[in-house]
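The following paragraphs lead through a two-chain model, from the contact between the chains to the elements that build each of them. Please keep the sequence and the coordinates in view while reading.

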Amino acid sequence: MNEIWAGIQAAFRLIFSLDADLVEITLRSLQVSLTALVVASVIALPFGTWLAIRRFRYRRATIATLNALMGLPPVVVGLIVYLLLSRSGPFGVMGLLFTPTAMIIAQVIIITPLIASITHQAMRELWAEYHDLLISLNTTKRQRIATLIWDGRRTLLTAALAGFGRAIGEVGAIMIVGGNIDHATRVLTTAIALETGKGDFALALGLGFVLIALALLVNFAIHALSRTEREGTW
Amino acid sequence: MVEAPPSVSLSGALVKRRGKTILGPLDLTLAASGFTIVLGPNGAGKTTLLKVLHGVDRLSEGAVTWSVPDAQARESQAYVFQSPIMLRRSVRQNLAYPLQLLGEDKASIAAKVADWAQRIGLEDALDRPAPRLSGGERQKLALGRALIRNPQVLFLDEPCANLDGRSTREIEALLKAAQQAGTRIIMTTHDLGQARRLATDLVFLLRGALHEQGRAPAFFTAPRTAEAKAFLEGDIVE
């Protein structure tokens with residue numbers, strides 16, 4: 001209990017003193033996770049929607065695989081990305097290992113199936129509602145996908161936020177591909193792991209509270225910006 | 001004014017779902033003009049016939065042949081469903097949607113939306129969410145959204161089912177105006193009064209089969225089949 005209280009105190013101290021290291025790793029956490037979220041959303045939202053409206057031979061198998069990929073172990077993803085980006089790997093020449101870009105790649109791989117799967121579920125229901133109308137209006141596939149994404153944007157926001165939640169709290173993969181290098185690839189989660197390992201539980205807890213506050217802040221900000229609970233919306 | 005609508009023929013049309021025959025086999029030709037009412041009791045195949053003609057449902061056997069190429073026929077049609085499907089958008093955006101699909105410019109869309117909002121009596125509700133409109137308002141919006149593209153052929157599936165007298169009258173007025181503007185209308189109903197008010201010709205279906213087709217006055221005064229006669233007399237026909 002004392003350690004939790006000390007953690008809260010440490011969090012306040014770090015925040016109100018605008019600790020330079022804290023600001024740096026917080027901004028890096030945001031940069032990595034938000035970039036991964038944007039990239040994953042660009043892939044997953046249209047793919048999940050396409051999957052909802054398209055009928056093809058291996059559709060069921062594709063959906064089952066996508067759902068299974070939601071549970072991808074981050075450590076395994078980290079290991080695979082590490083091998084791909086390491087000097088002897090196929091993309092080693094790009095020199096991306098132990099950079100924020102490598103961390104973004106790992107996070108994109110982890111959260112894309114999650115966002116795509118939730119998108120597919122949501123869009124399947126909306127497609128059932130809109131199907132006859134959009135067929136009747138002679139819409140192209142592209143127009144159908146665009147319409148579903150636009151009209152289902154509030155549900156898709158939930159999918160995106162779930163992806164962000166997974167990304168910002170992820171530690172296994174980014175520890176492997178980022179290396180937790182101070183002033184280079186250290187983010188909140190890897191810093192917590194480091195401080196816990198060092199036995200500085202108060203600082204680790206403090207960083208943990210900052211992480212939770214950050215996740216809540218981003219969620220509130222996105223909800224406020226998209227006006228999900230505004231009167232008169234759906 | 002819309003261009004002259006195409007005519008359509010069904011030959012050997014058969015629709016089966018899970019081994020059960022829903023419609024047909026039937027051969028039917030509908031002329032290029034007029035107001036055709038498809039009459040029949042529940043389960044007669046009225047909605048299926050309309051959806052097959054419009055291309056929303058597929059035939060199990062047979063063919064639908066329009067007097068113009070299929071793609072051209074599809075582009076010039078609109079469909080109003082029995083339960084109006086509202087996009088999760090405002091009334092304004094619902095009206096604008098079909099025009100946006102056609103790539104019309106914003107000024108033209110705004111002018112047409114304003115015009116049609118007035119025609120359907122929703123000019124004061126333009127910024128309201130369409131899914132929150134009343135049943136009558138939703139049906140009028142669905143009709144306005146269908147007519148805003150000036151379709152040559154308009155399909156309506158029981159558009160006045162569950163509506164009160166006032167809403168029904170307003171919708172019928174819109175349909176008459178559309179017909180006078182040159183739109184070919186094909187509509188299902190089991191409301192005989194409405195059929196008498198609107199139809200120029202009739203198709204009578206029973207258990208998925210075509211029982212009678214002809215001019216409306218002849219159908220109402222001298223039906224040729226016993227089933228049609230019983231239906232007109234208000235007997236229960238199944």
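A salt bridge is counted here when a side-chain nitrogen of Lys or Arg lies within 4 Å of a carboxyl oxygen of Asp or Glu. By this rule B:Arg88 is bridged to A:Glu129, with 2.8 Å between the closest N and O atoms. Side chains of opposite charge can pair when their charged atoms come close.

The model is predicted; local features require pLDDT of at least 70 and side-chain atom pairs count only at pLDDT 80 or more, while totals for chains, interfaces and linings use all residues, and side-chain values rest on heavy atoms, with hydrogens and water left out. Residues are numbered from 1 along each chain as its sequence is written, and chains are lettered from A and ligands numbered from 1 in the order in which they are written.

Confidence is expressed as pLDDT, the predictor's confidence in each residue on a scale from 0 to 100. Chain B has a mean pLDDT of 91, with 99% of its residues at 70 or more. For chain A the average is 90, and 96% of the residues score at least 70. The model as a whole scores ipTM 0.87 and pTM 0.83.

B:Ile85, B:Arg88 and B:Leu101 supply 32% of the area that chain B buries against chain A, more than any other three residues.

A:Asp151 belongs to helix 6 (residues 141-151) of chain A, and B:Arg89 to the loop between strand 5 (77-80) and helix 3 of chain B. Helices (H or I, at least four residues) and strands (E, at least two) are DSSP runs numbered from the N terminus.

Turning to chain B itself, strand 1 (residues 8-17) and strand 2 (residues 20-30) run antiparallel and are joined by seven bridges; two strands pair if DSSP finds at least two bridges between them. Within this pairing, B:Ser9 stands opposite B:Thr29 of strand 2. The hairpin has two residues between the strands, and B:Arg18 is placed in that loop. Phi of B:Arg18 is near 50°, a positive value in a residue other than glycine. Strand 2 of chain B also contains B:Pro25, which is joined to B:Gly24 by a cis peptide bond with omega of about 5°.

Chain A is built from ten helices and zero strands. Its C-alpha trace spans about 65 × 50 × 30 Å along the principal axes. Where in chain A is confidence lowest, and where is it highest? The lowest mean, 80, is found in helix 1 (residues 2-16) of chain A, and the highest, 96, in helix 4 (residues 74-85) of chain A.

Note on methods. Buried area = accessible area lost by both parts, 1.4 Å probe.
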